[in-house]
Amino acid sequence: AALANREEVEKGLAALREDITNGKFAEVAALYENDLGEYLFLFVRSHFKISENLKDKWLYLTEKLTPSQ
């Protein structure tokens, strides 16, 4: 299976090249500048009851992903 249509990729690259050349890319990138780092963590509280198995998996993952203090 083809991952991408060649014509579509070439068209997209041409558009990107144009955006870089005319400064549009830099203009849009500047809208998203921040000094908060490259990662975003969201903490969400569900209004739905989750199974104990899922809760255990969530706790395991959060323990593994939380930096040691």
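This is a predicted model: local features need pLDDT of at least 70, side-chain atom pairs count only at pLDDT 80 or more; totals for chains, interfaces and linings use all residues.
Visitor: Which helix gives the nonpolar patch its largest share of residues?

Guide: A patch gathers residues with over 30% relative accessible area and no salt bridge, where like charges are joined within 9 Å and nonpolar side chains (Val, Leu, Ile, Met, Phe, Trp, Tyr) within 5 Å. Here the largest share, four residues, comes from helix α1 (residues 6-22). The patch lies on the surface and consists of Val9, Leu13, Leu16, Ile20 and Phe25, with about 450 Å² of accessible area together. Such areas come from the Shrake-Rupley method with a 1.4 Å probe, and for residues only the protein chains shown count as cover.

Visitor: Where is confidence lowest, and where is it highest?

Guide: The term pLDDT denotes the predictor's confidence in each residue, from 0 to 100. The mean for the protein is 79, and 80% of its residues reach 70 or more. Confidence is lowest in helix α3 (residues 52-65), at a mean of 72, and highest in α1, at 93.

Visitor: How many helices and strands does the protein have?

Guide: Helices (H or I, at least four residues) and strands (E, at least two) are DSSP runs, numbered from the N terminus. The protein has three helices and zero strands.

Visitor: Is Phe25 buried, partly exposed or exposed?

Guide: Buried means under 20% relative accessible area, exposed over 50%, and partly exposed in between (1.4 Å probe, protein chains only). Phe25, a residue of helix α2 (residues 24-31), is partly exposed because its relative accessibility is 47%. Of the 69 residues of the protein, 0% count as buried.

Visitor: How many salt bridges are counted?

Guide: Side chains of opposite charge can pair when their charged atoms come close. A salt bridge requires a side-chain nitrogen of Lys or Arg within 4 Å of a carboxyl oxygen of Asp or Glu, and the count comes to two. In one of them, Arg6 pairs with Glu10, their closest N and O atoms being 3.1 Å apart. Arg6 and Glu10 are four residues apart in helix α1, so about one helical turn separates them. Arg6 is exposed, at 66% relative accessible area, whereas Glu10 is partly exposed, at 44%.

Visitor: Which side chain meets that of Lys24 in a salt bridge?

Guide: Lys24 meets Glu27, at 3.9 Å from N to O.

Key:
Residues are numbered from 1 along each chain as its sequence is written. Side-chain values use heavy atoms; hydrogens and water are left out.
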